[in-house]
Amino acid sequence: MRIQLKLIVLSLLLPISVFAQNGKKFPSIEGETLKDRKVVLPQDTKGKYTLIAVAYSKKSDELLKGWYSPMYRTFVEPPEVAFIPTDDYDVNMYFVALLKGIYKVADNKISNKMKSGIDAKFHKNMVIYTGKINDYKKQLNLGQKDLPYFFVLDKNGNIVYHTQGAYSDKKLYEIQSAIETE
């Protein structure tokens, strides 16, 4: 009986935590893309909707890789020939790896490993941040380190939608809907 009560309470609180960040300003993250370009999110993306994926562990990075192609094909470079017409999205998209400051000394090694292991067409969308990550974990409600987190920002850098975890068509549809309804 107690377990059932805990599950009911947890299921009621989960939607609150999922929507708790909507409307909040996305915190400033300064990093460098795999194309060696400095970027400050969300300041450098103002005026356009922006998709930001955040990962801060090896396992979450593995789950994040499952999002690369579907997100890229949907939002950056949709297929030119499609049986079903596709929407044209004018959005920014970044995949952010949060690395603790201790990795700063290995930054070039990590960057080179990522460059060699990730298709070059994604390099301009991949951002490496090295520094303190606890503030971001709190501000963005990044709970489980083994999951990637996804944020849709409006043209002013406010969070309008977020989700987490492995890729699914349902989650991609919800991201698309968040952009289309704004």
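Colleague: How does Asn-141 count: buried, exposed or partly exposed?

Modeller: This is a predicted model, so all of this is computed from its coordinates. Buried would need under 20% relative accessible area and exposed over 50%. Asn-141 has 39% relative accessibility, so it counts as partly exposed.

Colleague: And where is Asn-141, and what is its phi near?

Modeller: Asn-141 has its place in the loop between helix H4 (134–139) and E6. Its phi is positive, in a residue other than glycine, with a value near 55 degrees.

Colleague: Is the peptide bond from Leu-41 to Pro-42 cis or trans?

Modeller: Pro-42 belongs to the loop between strand E2 (38–41) and E3. Omega for the bond from Leu-41 to Pro-42 is near 0 degrees, and the bond is cis.

Colleague: Zooming out, what pattern does the chain follow along the sequence?

Modeller: The chain has five helices and seven strands. Buried residues make up 43% of its 182 residues. Read along the sequence, the pattern is α-β-β-β-α-β-α-β-α-β-β-α.

Colleague: Helices next. At roughly what angle do the axes of H2 and H5 cross?

Modeller: H2 covers residues 58–76 and H5 covers residues 169–180. H2 passes H5 in a right-handed crossing. Their axes come within 11 Å, and the crossing angle is roughly 35 degrees.

Colleague: Which residues of H5 does H2 meet there?

Modeller: The residues of this contact divide into seven nonpolar, two polar and one charged. On the H2 side you have Trp-67, Pro-70, Met-71, Thr-74 and Phe-75, and they meet Lys-171, Leu-172, Ile-175, Gln-176 and Ile-179 in H5.

Colleague: Which element gives the largest share of the largest nonpolar core?

Modeller: That core has 30 residues, and Leu-51, Met-71, Phe-75, Phe-95, Val-152, Ile-175 and Ile-179 touch the most other members. Strands E3, E4, E5, E6 and E7 each supply at least two residues, as do H2 and H5. The largest share is six residues, and it comes from H2.

Colleague: What about the rings of Phe-26 and Phe-151: stacked, tilted or edge-to-face?

Modeller: Planes over 60 degrees apart count as edge-to-face. Phe-26 is in the loop between helix H1 (2–19) and strand E1 (29–33), while Phe-151 is in strand E6, 125 residues apart. Both are buried. Their centres are 5.5 Å apart and their planes at 70 degrees, so the pair is edge-to-face.

Colleague: How many residues apart in sequence are the parts that Tyr-68 and Phe-122 tie together?

Modeller: Tyr-68 and Phe-122 form a tilted pair, 5.4 Å centre to centre with 45 degrees between the planes. Both residues are buried. Tyr-68 lies in helix H2 and Phe-122 in the loop between helix H3 (107–117) and E5, so the parts they tie together are separated in sequence by 54 residues.

Colleague: Last one: which residues do ring pairs link into a cluster?

Modeller: The count of aromatic pairs comes to eight. Ring pairs link these residues into a cluster: Tyr-68, Tyr-72, Phe-95 and Phe-122.

Key
Residues are numbered from 1 along each chain as its sequence is written. This is a predicted model: local features need pLDDT of at least 70, side-chain atom pairs count only at pLDDT 80 or more; totals for chains, interfaces and linings use all residues. Side-chain values use heavy atoms; hydrogens and water are left out. Axes are lines fitted to C-alpha atoms, for helices over the stretch in contact, and angles run from 0 to 180 degrees between N-to-C directions. Helices (H or I, at least four residues) and strands (E, at least two) are DSSP runs, numbered from the N terminus. A crossing is left-handed if the near helix is turned anticlockwise from the far one by less than a right angle, and right-handed if clockwise. Contact means heavy atoms within 4.5 Å. Ala, Val, Leu, Ile, Met, Phe, Trp, Tyr, Cys and Pro count as nonpolar, Asp, Glu, Lys and Arg as charged, and the others, Gly among them, as polar. A nonpolar core is a set of buried Ala, Val, Leu, Ile, Met, Phe, Trp, Tyr and Cys residues joined through side-chain atoms within 4.5 Å. Buried means under 20% relative accessible area, exposed over 50%, partly exposed in between (1.4 Å probe, protein chains only). Rings of Phe, Tyr and Trp (its six-membered ring) pair if their centres lie within 6.5 Å; planes under 30 degrees apart count as stacked, over 60 as edge-to-face and the rest as tilted.
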